[in-house]
Amino acid sequence: MTKLSKRLRERDQRLTRFAKRYPAAAADVLRALDQVRHFRGESSEHDCATCPAPADEWQLVKLSRREGPRFLLWSDEVDHYLPFCSPCALDAEDRRRAALDAIWYPETGE
Ligand SMILES: [Zn+2]
């Protein structure tokens, strides 16, 4: 198994766990993504925001209007999402977690 597919599988398992624990928030995430697709189209209609590959998922990148618990963040602002290919989406999630940490724990931020 490649490193990428391992990371993707771990993410799937993590999301499945959180969706079971927080079903209402998981439904909010899906509803927000439906909104993004409705107004901006399928992610596959776009190039990845950070590399030349075709995108295959939307990721929330701006946190100013975020809702939901830490691992099931969503926003009603469809412009706060960007399209990413899978490898870049994992990096985008890492950056989002770091940005969230900086918001929540500013005194420990670098
Ligand atoms: Zn990419």
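Let me start with Ser86, which is found in helix H3; helices here are DSSP runs of H or I of at least four residues, strands are E runs of at least two, and both are numbered from the N terminus. Ser86 is buried because its relative accessible area is 16%, where buried means under 20%, exposed over 50%, and partly exposed in between, with a 1.4 Å probe and protein chains only. Leaving aside neighbours within four places in sequence, Ser86 is in contact with Leu8, Asp56 and Glu57, contact meaning heavy atoms within 4.5 Å.

A word on the source. This is a predicted model, in which local features need pLDDT of at least 70 and side-chain atom pairs count only at pLDDT 80 or more, while totals for chains, interfaces and linings use all residues. Residues are numbered from 1 along each chain as its sequence is written, and side-chain values use heavy atoms, with hydrogens and water left out.

Next, the zinc ion. Which residues are its protein donors? They are Cys48, Cys51, Cys85 and Cys88, each through SG, lying 2.3 to 2.4 Å from the ion; donors are N, O and S atoms within 2.8 Å of the metal, or 3.2 Å for Na, K and Ca, and since water is not among the atoms, sites may look incomplete. Along the chain the spacing of the donors is C-x2-C-x33-C-x2-C. Cys51, in the loop between helix H2 (23-40) and strand S1 (57-60), and Cys88, in helix H3, are 37 residues apart, so this pair links distant parts of the chain. Cys51 is partly exposed at 25% relative accessibility, whereas Cys88, at 14%, is buried. The site is tetrahedral, with angles of 102 to 116° among the four donor atoms; the rule for four donors is that all angles lie between 85 and 135 degrees.

Now the salt bridges, each a side-chain nitrogen of Lys or Arg within 4 Å of a carboxyl oxygen of Asp or Glu. The count comes to eleven. One of them joins Arg11 and Glu57, with the closest N and O atoms 2.9 Å apart. Arg11 lies in helix H1 and Glu57 in strand S1, so the pair ties together parts 46 residues apart in sequence. Arg11 is buried at 8% relative accessibility, and Glu57 is buried at 15%.

Within helix H3, Arg97 and Asp94 sit three residues apart, about one turn of the helix, and form a salt bridge at 2.9 Å between the closest N and O atoms. Both belong to a salt-bridge network that links Arg7, Asp91, Asp94 and Arg97.

Terms used:
Tetrahedral: all angles 85-135°; square planar, octahedral: opposite > 155°, others 65-115°.
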